[in-house]
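Subject: Structure for you to look at

Hello,

I am passing on a structure that you have not worked with before. The sequence and the coordinates come first, and my notes on what turned up follow below them.

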Amino acid sequence: MLTSYSVRIITLFTGLLLCGLLLGNVIIITASLSPLALLLIGLLMEPPAHSSFSAGRVRSPVWIGDEIDISWSVTMSRGLGIISLFQELPQSFTLVEGNNLRVLWKGWGPRTVLLSCKVRCAKRGIYTLPPLKWEARHVFGLSQTRQGVLGEGVGVVVRPKVLNLKQFRGVPGIATSPFPMIDMARIGVATTDFREIRSYVHGDPVKNINWKATARRAVQSEFWPLVNEYEVEGKKAIWLFLDASSVLEIGTDLQNAFEYCLEAANSVAYYFLDRGYRLGMYIFNDTGRLFYPETSKKQFLKISRELIGLEAGDGYDEFPKAVERCRSYIVGHNPACVVITRLDSGQGDAMLQGVRKLRQFRGRRRRRLPVMVLSVAGYHVASRRDQYDDNTALLLQLETRPLVQQLRRLGASVLEWNPRQEGFGTALLRQVKVR
Amino acid sequence: MKRRATAISLIELALILSLSAAGAYAFASSNLYSLLQGNIRPEYSFFAYFMPVILWGLLIFGLTTIIVGGLDAGGFIGLVALFSLPSILAHNSVNWFGVFGTEFGLTTSLSFQEALWLAALIVAGYVVLGQMRAFKQSRQRLLDRGADPADIGQVTLNSHLLFLSVAAVALALTAAVGLLSRSLESLTFGRLEHLPWNAILLGLASAVLLAAYLLWLGARRKPKGR
């Protein structure tokens, strides 16, 4: 199909021809042939068309901040003109290396075009990398551009970061916090909760041998039996309260307090579940989602999947209600509670009420309350233009001091985390004190 | 990259220069120029004196609008065509001035071949300058989209080379057709004069029908997949 430019040339030819005929001027009639000849020669050249393509494998799932390689190889066999290849990227993906747009010249012969780039996933979520878009333009723009897509969309799951656990291993001493960090139960009655499969050691009951798995491995000439290991009873439980209020969305789209809260929640869940704790979670200030306390990696995957797609809600003072809703689990399991929120949002009263309720559930014991309030410093996350913004953030942090003191008076420990200054692991390390 | 841009600007400059010179020369060759100079009153004689300066203005207009301003070449080509028109119209077969009862007639010192080259150059210049502007805009669009400048440089260079070659071929074809038609006219005019009008009309209609039939046959034989 012809373009408007071709129509313009045809109009020029027709106009000149008519003028020439009207005036009886052979010169004008002949000159009118010049654009016509150009149009006809130009139309003999067809725009390129693709004949084959191959795509590199895209890694998924990945963690926030990971880099993904995208590569395409497209062969254009016929035609002459300009080829454009464009790999559209989801909004929160940033280009690190290479280019996701290639514009190339294709001569008479076939040409293979390579498009490769490296992108960084800056925000958690489930994304789809759209198929590669290609365009083949006529060199003079005389005919319509050919375009299409190659391949299919590829799903990429970007998970929130998890804590670097190596930093916390082997710190001996008595913890100042009542958190059950090291005192995990090792002996107990085995439950039916499957934990892992491992090699047999002397003393393991014969009934625990997994004969099918052993036989499968025996085919590979390894005759040592494998046994099923089950979770034992009497493990400590952790209860995670995650604030999902839109008040937390302070900062940029990619880096805001809410994203850091999710990162912290994911890290906490991974940390405790990896150590065999029973972990439950309640997400408040949105519709309110409860995760029944469970152990094993399955629970982590369940929580992690929820965190990947979590959006902030409109609520802002629902913490006391959340505590009330989780009452039966808190009373039944007597867990250590981790509340992940932002204390400088001006909703301190709701937090105090919630912690008071948690204290009530514990009864009249005078021991320290096993509640940790993890506060992400929201105004430190927000973009800073000058020193006044820095000081404002500091003032807001100081403004939360009375609230922090009240929480501590109630027996809760408060950990303030400024993601701009330190990683989550470093912030947690500040809590580790040896008597 | 800069060298390529400079080369493209130089081509544009050369084209504008040659078109301005051709327009000015064509105007100066026509009897209209002499007429204007002769009819100017003594108190406005500075106008006749500065006529070449006005023609130089054509060049400056072309440079400022096309190269500096990046505007469409339509205005400049229109002016060049206006200045060249008296010389081109001097070769008219139909005397329209005579039809309207005036005794005025356009004459020029340019030969048919010279006038033909001039007209073909103006038309080709219009198309080439327009296309070069389209290439520039396309290049800028691609740069704005974040394409690799080296890739764009390659595309721009090849596009310009191909287009200029095609334009040169088209211009040569036009000139060849013009010159051949002139020779053919002198060869066949004597014979055609003796032919009756109905035979000429029937012959033309048959030729057109035959061409259409051949085109239709060609279109039918094309494979369906393409």
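By class, how many nonpolar, polar and charged residues are there in the lining of the second largest cavity? The answer is five nonpolar, one polar and one charged. Before going further, please note that this is a predicted model.

Cavities

Searching the whole structure gives two cavities of 30 Å³ or more. To finish with the second largest cavity: its volume is about 70 Å³. Residues from chain A and chain B line it, namely A:Tyr5, A:Arg8, A:Ile9, A:Leu12, B:Tyr126, B:Val127 and B:Gly130. Two helices, α1 (4-23) of chain A and α7 (112-145) of chain B, each supply at least two residues of this lining. The largest share, four residues, comes from α1(A).

The largest cavity has a volume of about 110 Å³. It is lined by 19 residues, and those closest to its centre are A:Asp243, A:Tyr316, A:Thr341, A:Ser345 and A:Gln347. Helix α8 of chain A (residues 348-361) provides the largest share of the lining of the largest cavity, which is three residues. Sorted by class, this lining holds nine nonpolar, six polar and four charged residues.

As background, empty space left among atoms is shown by rolling a probe the size of a water molecule over them.

The interface between the chains

Chain B and chain A bury about 3300 Å² between them, and 68% of that is on carbon and sulfur atoms. The size of an interface is often given in this way, as the accessible area lost when the parts come together. Chain B puts 42 residues into the contact and chain A puts in 33 residues.

How many salt bridges are counted between chain B and chain A? The count is one. A:Arg102 and B:Asp151 meet through their side chains in a salt bridge, at 3.2 Å from N to O. Eight residue pairs are found in polar contact across the interface of chain B and chain A, with both residues at pLDDT 80 or more.

On the side of chain B that touches chain A, the elements giving two or more residues are α5 (74-89), α7 and α8 (149-194) of chain B. Of these, α8(B) gives the most, with 16 residues. By class, that side of chain B has 26 nonpolar, eleven polar and five charged residues.

Local details in chain A

A:Thr75 is in strand β3 of chain A, residues 67-78. Its side chain and that of A:Thr112 are joined by a polar contact of 3.3 Å. Neighbours within four places in sequence aside, A:Thr75 is in contact with A:His50, A:Ser51, A:Ser52, A:Arg111 and A:Thr112.

Two points concern the backbone. Most peptide bonds are trans, and most residues other than glycine have a negative phi. The peptide bond from A:Ser60 to A:Pro61, however, is cis, with omega near 0 degrees. A:Pro61 sits in the loop between β1 (49-55) and β2 (62-63) of chain A.

A:Asn285 lies in the loop between β15 (278-284) and β16 (289-294) of chain A.

Regards

Methods: Residues are numbered from 1 along each chain as its sequence is written. Chains are lettered from A and ligands numbered from 1 in the order in which they are written. Side-chain values use heavy atoms; hydrogens and water are left out. On a 1 Å grid over the protein atoms alone, a cavity is a set of points where a 1.4 Å probe fits but cannot get out, and a pocket is an open set with protein on both sides within 12 Å along at least five of seven lines; lining residues have an atom within 4 Å of a point. Grid points are joined across faces, edges and corners, and a volume is the space filled by probe spheres set on the points. Ala, Val, Leu, Ile, Met, Phe, Trp, Tyr, Cys and Pro count as nonpolar, Asp, Glu, Lys and Arg as charged, and the others, Gly among them, as polar. A polar contact is a pair of N or O atoms within 3.5 Å; within protein, one must be able to donate a hydrogen and the other to accept it, and residues adjacent in sequence count only if both atoms are side-chain atoms. Contact means heavy atoms within 4.5 Å. Buried area is the accessible area (1.4 Å probe) that two parts lose on being put together, summed over both. A salt bridge is a side-chain nitrogen of Lys or Arg within 4 Å of a carboxyl oxygen of Asp or Glu.
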